[in-house]
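Subject: Structure handover

Hello,

Here is the structure you were going to look at, followed by notes on what was found in it. Please read the notes with the structure open beside them.

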Amino acid sequence: MEGIGTGLDLAFATSFYTGEVVNVKIGGEEVPVIDMAHMGSTGYREKVFGSLIEPPQLTVEINYDPGDIPPIGTQDTATLTWPDGSYLTGTGAFISRESESPLEDKMTGSFVFQFDGQTGPTFYEGST
């Protein structure tokens, strides 16, 4: 089924972290916008765009298990595989984590994996 996240898999090659993933957001990918305005500028401020792309981050929501926490500060290779076989893979590190343990409800958490841009991230398109 196109457009349904059920069946998505997130794997880490070094830490083998295997949390119960609930949601994955890919964000932070952007190019710099450089302001070229000067004292002689009129009308709009002139902008030029950098050529180096900021690598994305994975923000991952999980069912929190205190016995299996994301290894913050650890470098790893992440592979995010969608149900159609498409995948995103690259090196980076776990840069933050948090958890919430409410009364009479499931414990939840999240972590951020920052791709480092050294090896990928590379997107491979699967078959539908």
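I start with strand β4, where F49 lies. The model is a predicted one, so please treat every value below as computed from that model. F49 has a relative accessibility of 59%, so the residue counts as exposed; the cut-off for that class is over 50%. F49 also belongs to a nonpolar surface patch, together with V31, V33 and I53. The area of that patch is about 400 Å².

K47 is another residue of strand β4. With a relative accessibility of 41%, K47 counts as partly exposed, because that class covers values between 20% and 50%.

How many salt bridges does the structure hold? There are 2. In one of them the side chains of D35 and R45 meet, with an N to O distance of 2.5 Å. D35 sits in strand β3 (residues 33–35) and R45 in the loop between β3 and β4 (47–49), so this pair ties together parts that are 10 residues apart in sequence. R45 counts as exposed because its relative accessibility is 54%. D35 has a relative accessible area of 33% and is therefore partly exposed.

D35 also forms a salt bridge with K47, at 3.8 Å from N to O. Here the link runs between distant parts of the chain, from D35 in strand β3 to K47 in strand β4, 12 residues apart. Through shared partners, the salt bridges join D35, R45 and K47 into one network.

The C-alpha atoms of K47 and T79 are 35 Å apart, and 32 residues separate the two along the chain.

**Aromatic rings**

The count of aromatic pairs comes to 11. One of these is the pair of Y87 and Y124, whose ring centres are 4.6 Å apart and whose planes meet at 25°, so the pair is stacked; the cut-off for stacking is under 30 degrees. The pair links distant parts of the chain, since Y87 belongs to strand β7 and Y124 to strand β9, 37 residues apart.

Which residues form the negative surface patch? They are E98, E100, E104 and D105. D105 is placed in the loop between β7 (87–100) and β8 (108–115). Its relative accessibility is 54%, so D105 counts as exposed.

E104 is found in the loop between β7 and β8 too. The relative accessible area of E104 is 78%, which means that the residue is exposed. The backbone at E104 deserves a note as well: its phi is positive, about 60°, although E104 is not a glycine.

**Two other backbone points**

F16 is not a glycine either, yet its phi is positive, at about 60°. This residue lies in the loop between β1 (9–12) and β2 (20–27). F16 counts as exposed because its relative accessibility is 60%.

What is the form of the peptide bond from G120 to P121? The bond is cis, with omega near 10°. P121 is located in the loop between β8 and β9 (122–124).

**Where to look**

- the nonpolar patch of V31, V33, F49 and I53;
- the network of D35, R45 and K47, joined by salt bridges that share partners;
- the stacked rings of Y87 and Y124;
- the negative patch, with E104 and D105 among its residues;
- the cis peptide bond from G120 to P121.

Regards

Key:
Residues numbered from 1 in each chain as written. Predicted model: local features only at pLDDT ≥ 70, side-chain atom pairs only at ≥ 80, totals over all residues. Heavy atoms only, no water. Patch = residues over 30% accessible without salt bridge, like charges linked within 9 Å, V, L, I, M, F, W, Y side chains within 5 Å. Areas by Shrake-Rupley, 256 points an atom, 1.4 Å probe, with all protein chains shown as cover. Salt bridge = Lys/Arg side-chain N within 4 Å of Asp/Glu carboxyl O. Lys, Arg positive; Asp, Glu negative; His and termini not counted. Charge placed at Lys NZ, Arg CZ, Asp CG, Glu CD. Helix = DSSP H or I, 4+ residues; strand = E, 2+ residues; numbered from the N terminus. Buried < 20%, exposed > 50% of the residue type's maximum accessible area, 1.4 Å probe, protein only. Phe/Tyr/Trp six-rings, centres within 6.5 Å; stacked < 30°, edge-to-face > 60°.
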